[in-house]
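Work through the exercises below with the model open. Each solution follows its task step by step.

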Amino acid sequence: MAGTLGSRLSGIVRQQIINLFDATLTDAFTVAVRVPNLLRELLAEGALVNSFIPVYKTLDTVDRKKLAQAFSGVLIAVNLLLMALGIFAAPWIVDLLTAANSNVDPALATYMTRLVMPFLMLISLSAVAMGLLNADEHFKESSFAPVAFNLASIVALLLLPDTATWLAFGWLIGGVAQLVVQLPALSRFGVLPTPALRGHPALGRVLRQMAPFTLTAGARQFLNVYVTRLLTNSSQFPVGTQTGYANAEALFTMANGLFVVSPVLALFPRFSQYAADRDWAAFRALTVQGLRTTTFFAAPMSALLVALAPYAVSLFNLSRDFEAPKFAAGSGILTGWALALVPWAVVTVLLRTFYARERTREAVVVSAVGFVLEVGLYNLLVPRLDFLGFGLSTAISGVLMAGALVLMYRRALGFPSREVAAHLLRVVPLAAAAGLAAWLVSLVMPEPGFIVPGVIGLTLAGGVGLAVYLAGALALRLPEVAGVLRRLGR
C-alpha cells in the first residue's frame, strides 16, 4: 500500500504537469496512450495476476523457473507482433477510438499513438517482473516500480520541450524506468528469467486460464473504447473533456489502487496457495479478511470523494487560468465513480477467489455480462445525467456483479454472508456520516478550481470527515482499526 500511495501521489504530480499543456495536445495524448493501455491488460498485467500465478504456485522450484522462461518468451513474441501492428494501423485505431465529429485532432492522435506503442513491450516486461516477484510474495520492489515510472516521466516532462513528440517520449522513458528498477530484485531472489521460445507442460494450463480472462478483459476494453468514442463526440462534449476524464481516472485509480487493489494483490498468492492445498476453511477466512479490509478503507474514501470531488480535481490546476471544461468533466465523472468504490472492492476480491481456484469461466461470464450491462447503462444514463451517468453506471453494474459472484461462491464453498453483512452494515453508515460531515464543512471553504483552495478544502473538510469515520470505528471496536494501528507501530 505504501508503494501504491507513492505511485498514485507521484502520478497526480505527473498529471498536474500534463495539465499545463494545451487541451488539444493532452486530449490527443490521452487517446494515444489508451491504445497500449487497452492491450496491456489483455496480455500482461491481467494474464500474469489471474492466469500465471495460480499455476506457478503448484510447481516445484525447477519447473517454476522453466515456466517463467517459456511464458515470458511467448509474451514477448506476441507483444512485438502487436507493437508492429499498432504502429502500422494507427490511423484506423484512432478512427475506432474517436467519434466521427471528434473533438480530438485525429492527425495528432495518430502521430502520438505511433510514438507510444513501444510502451506495450515495456509494460509487458515490467508485468512479467511484477508477477514473478508477487508469486513468491515479494511485494516491495514491484509496488514501487510505478513510482519510478512517474518520477522518470516527471523529469522528462519538466526538462524536455512542450511538444507532442517529447510528451510521448516522456511516457516511454517512464516505462523503461519501471522495468529497470525491478531487475535487481529478480536477480537477488533468483527468479530472473531468460526468455525462450520453448514449451513447458504447464504453459498450456496458463494459456487455457488466460483465454477466458482475455475475453473478459476484451469486454472491458470494448467498454473503454465505447467511453472514449463517447467523450470525443463534439456535439455532446467540448474540447478538454478527454483530459478531464483522465484527471478523474487518476484520482479514482489512486483510491481504488491504494485501498482495494493493493490488499488484494497481497492476498492473491495466499488465496492461490490455499486453493492448491484445498484448505477451504482457510480460504473462506481469507475471503472475509479481504472483504473486510478493502471495504473498511473503500467506504470512507467513497463518501469523501462524493462530497469533495471538485476540491480533489482542483489539485490538477496549477494555474488560476484553468480550462473550465476539463474541471467540469473531471468533477462530474469523479463524483459518480466514487459511488462505485465499495461494490467494486467486493467484486475485485471475489474475482480473485475464482481465479485462485482456476474457476475462470464463471468469473468471465459474470464480468463480461457486467461490462455489457455497463455499456447499456451508459447509453441510458449519460444523456440524462451527463457526467454523473458514467460513475452511476459503473456503480450499478458493480452491485449486480458482486451479487452474482456471491451466489456462485456460496454454491461452491459456502459464502460467509453473516460476517460480511454485519461488517458492511457498520462501515457504510459510518462512511455516509463522514461524507456528510465533510460536505457541511466544505460549504464554508473557498470555491474549488485552483489548487490552493483544493488543498485547503481536502485538508480541512476531508480531515473532519475522516476523523468522524475513525471515531465511529473506534466506538464500534472494529478490528481493522487495531490492525492499522499495529501496522503503523511497526
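**Exercise 1.** Are Phe296 and Tyr469 buried or exposed?

Solution. The model is a predicted one. Buried means under 20% relative accessible area. Both Phe296 and Tyr469 are buried.

**Exercise 2.** Classify the aromatic pair of Tyr245 and Phe390, and state which helices the pair ties together.

Solution. Begin with the total: the model has 19 aromatic pairs. For Tyr245 and Phe390, the ring centres are 6.3 Å apart and the planes make an angle of 70 degrees. Planes over 60 degrees apart count as edge-to-face, and the pair Tyr245 and Phe390 is edge-to-face. Next, place the residues: Tyr245 belongs to helix H12 (residues 241–277) and Phe390 to helix H17 (residues 388–413), so the pair ties together parts 145 residues apart in sequence. Both Tyr245 and Phe390 are buried.

**Exercise 3.** Which residues do ring pairs link into a cluster with Tyr245 and Phe390?

Solution. Ring pairs link Tyr245 and Phe390 into a cluster with Phe237, Phe252, Trp337, Tyr378 and Phe387.

**Exercise 4.** Over the face of which rings does Arg357 lie?

Solution. One ring is that of Phe354, with Arg357 at 4.7 Å from the ring centre. Another is that of Tyr409, where Arg357 lies over the face at 5.9 Å from the ring centre.

Notes. Residues are numbered from 1 along each chain as its sequence is written. This is a predicted model: local features need pLDDT of at least 70, side-chain atom pairs count only at pLDDT 80 or more; totals for chains, interfaces and linings use all residues. Side-chain values use heavy atoms; hydrogens and water are left out. Rings of Phe, Tyr and Trp (its six-membered ring) pair if their centres lie within 6.5 Å; planes under 30 degrees apart count as stacked, over 60 as edge-to-face and the rest as tilted. Helices (H or I, at least four residues) and strands (E, at least two) are DSSP runs, numbered from the N terminus. Buried means under 20% relative accessible area, exposed over 50%, partly exposed in between (1.4 Å probe, protein chains only). A charge sits over a ring if NZ of Lys or CZ of Arg is within 6 Å of the ring centre and within 35 degrees of the ring normal.
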